[in-house]
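Biologist: Could you show me the model and walk me through the words used for it?

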Amino acid sequence: MERQLEIDRVSKRYGDVVALHGITFEVRAGEIFGLVGSNGAGKTTAMRVALGVLEADAGAVRWDRRPIGPETRRRIGYMPEERGLYPRMRVGEQLVYLARLHGMTPAAARAAVDRWVERLGVAGRRDDDVIKLSLGNQQRVQLAAALAHDPEILVLDEPFSGLDPVAVDVMSGVLRDQADAGVPVMFSSHQLDLVQRLCDRVGIVRQGRMVAVGTVDELRDQGQDELIVRAPAAPPGWAAQLPGVTVVEESGAGTRLALHDGADDQAILRAALETGPVHEFTRARPSLTDLFRHIVSAKDEEGERK
Amino acid sequence: MTSFGTVRLIAGREISTRLRSKVFRIATLVIILILVGIAVATKLAGGGPSYQDVGIAPGAAPLTAAIASTASAIHVDVRTHAVREDAGRQQVRDGKLDALLVGAPGSIQVVVKTSLGDDLRSVLQLVAQRAALDRQVTALGGDPARVATAVSAAAVSVTALEPPKKATGEQLAIGILTSVLIYLALVLNGQAVAQGVVEEKTSRVVEILLGAVRPWQLMIGKVLGLGAVGLIQVAAIALAGVAAAVATGVLHLHSLSTAGAIVWLLVWFLLGYAAFSLAFAAVASLVSRQEEVAAATTPVLMLLVVGYVVGVSILPGHPGSPLVAVLSMIPIFAPTLMPVRLALGAAPAWQVAVSLAGVVVVIPLLLWVAARIYRNAVLRSGARVRLRDAWRAS
């Protein structure tokens, strides 16, 4: 079996607040795993537990079938959500210090830092204090801090937030390279289009539980397909009584319908043609964003009914 | 990497950061300047001994050696100048000479502007008496030199039934200096630990650090690094202060007692710092913003303040105060009180031993408590963590 990072039935509570509720998932070596969920769903807590910075109340975190101990912990590269660097310490010095804390020799640490500041485009700022850098550059330095010690596992909390498009491309490229080199890469993000494009597998977290997990294709297959119909002569509400569909959105540009499982899309087309000309009829799989909205809102209603 | 290597790496960062910090450099410099300033001001105010210039007219010249040796024997600084009588009188009038000796060895006359100072009067009185004695000894057929030797060899031996109630002026000066210095050093360096802990929480760098090292390693590394710099700082300040005081003549360096006071100061700084810095680290780990540091550290600071205030207000007047003696054996107050009592020479050996033992026992206990609170609180950012929660949470 290939190596994988397993988060196994992990629970964590802060006082009366349950942050994680037996969450289970795994990140395989060589894949990019995206963790998505609303604010407060438990993504950050899950990452901190995976990292060993937080201790779980129950459950286990394993790497290569062994519980993670202090030695493995040092082999993890971590980028916290609220960025963490000494503001009044020079970039180069700080990166070398952090790499050495992770167990590198001074020479190896310096060489790795040289390599990463070059790759991430902050080589010119290595003698500046971190606080003098722009937020985007601070984030690049933060990524360098996660990567400099040549980690076996990468855990990144919101690595893309606040980056310009060029920096997003650099970051994406680096994550892909790391995964190709056999590192399991786990990151959280609210930019679902990015997650859909970049991730091999995605997990959706809700109220401390993993509610859906799989490849992007698998997840999109789980959702209802959509029909987009543009029939300019159709009266408002024309689709409301049709069998097998639910109206998602109706506007001048057209009608978006959710297609129920097993429903006949050709019957919908015939119904549309009866209203007049049809300029567009498209069947599409839901995007991750649609799916996410669907899962989160459906479960919320369920939660409220209880 | 071993735990030792990790702690050393963390301490190393603290040392280089602290030495480069402007606040630290300026604070150290200001304290040194204040001490030098006090020494110079004391000297200018005439509190310290200064030279008295005595002119000696040709007739009185044979007495020059006797004046110099007598003056040094009773610790009066006298400079002698051979002058002609009329020139000497003019210089006395101008204030350049404190006194002028005229006449012959048998009948000394002292010319002064208005009056003769007590110190100088004693010296000249002794010289005159000695000359008279020598003449009588010679007249009786004796040898003045042998008599002088016998006289100077005679001394009384003193047996004190109780230690002196009053400290000497110099002991008092060193005692107050010790008190101020150890208080300042503990407050400054303790606050530096507290601010360092909160800085790591505020900047969230602690999350990254704790991915690589254990909480206790981070805390100990910080305490050791800042402690090493603090020790050098205290030693430098103490030496600079003593050097200034000796150079200006405010203190006569009785090398043993001054060196003893400095060694005790350093020992007690180390013990006090170990105890208080751990307490500072623990309470600081409860808060997440620099603005909250002051409020969080106030209880610890108050313990230092109480010790310091008791020390400077009671000890100079009553070095033997039983209240202070008892307090100085309680580990919380020992670091601020015991070094002052030691400098005043008012602490019996057994009390010093009790007080040392108490602090040495308390430090590992504090380490355990502080490490536990720090570990539980340092990752909780946002609102202030209650001490009870930090203690209980596992």
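Modeller: Here are some terms, each set against its definition.

Modeller: This is a predicted model, where local features need pLDDT of at least 70, side-chain atom pairs count only at pLDDT 80 or more, and totals for chains, interfaces and linings use all residues. Residues are numbered from 1 along each chain as its sequence is written, chains are lettered from A and ligands numbered from 1 in the order in which they are written, and side-chain values use heavy atoms, leaving out hydrogens and water.

Biologist: Why is Ile34(B) called partly exposed?

Modeller: Buried means under 20% relative accessible area and exposed over 50%, with partly exposed in between (1.4 Å probe, protein chains only). Ile34(B) has 48%, so it is partly exposed.

Biologist: How do you know how many residues are in the contact?

Modeller: Contact means heavy atoms within 4.5 Å. By that rule, 20 residues come from chain B and 24 residues from chain A.

Biologist: What is the area buried between chain B and chain A?

Modeller: Buried area is the accessible area (1.4 Å probe) that two parts lose on being put together, summed over both. Here that is about 2,300 Å², with carbon and sulfur atoms giving 59%. On the chain B side, Arg13(B), Glu207(B) and Ile208(B) lose the most area to chain A, together 26% of what that side buries.
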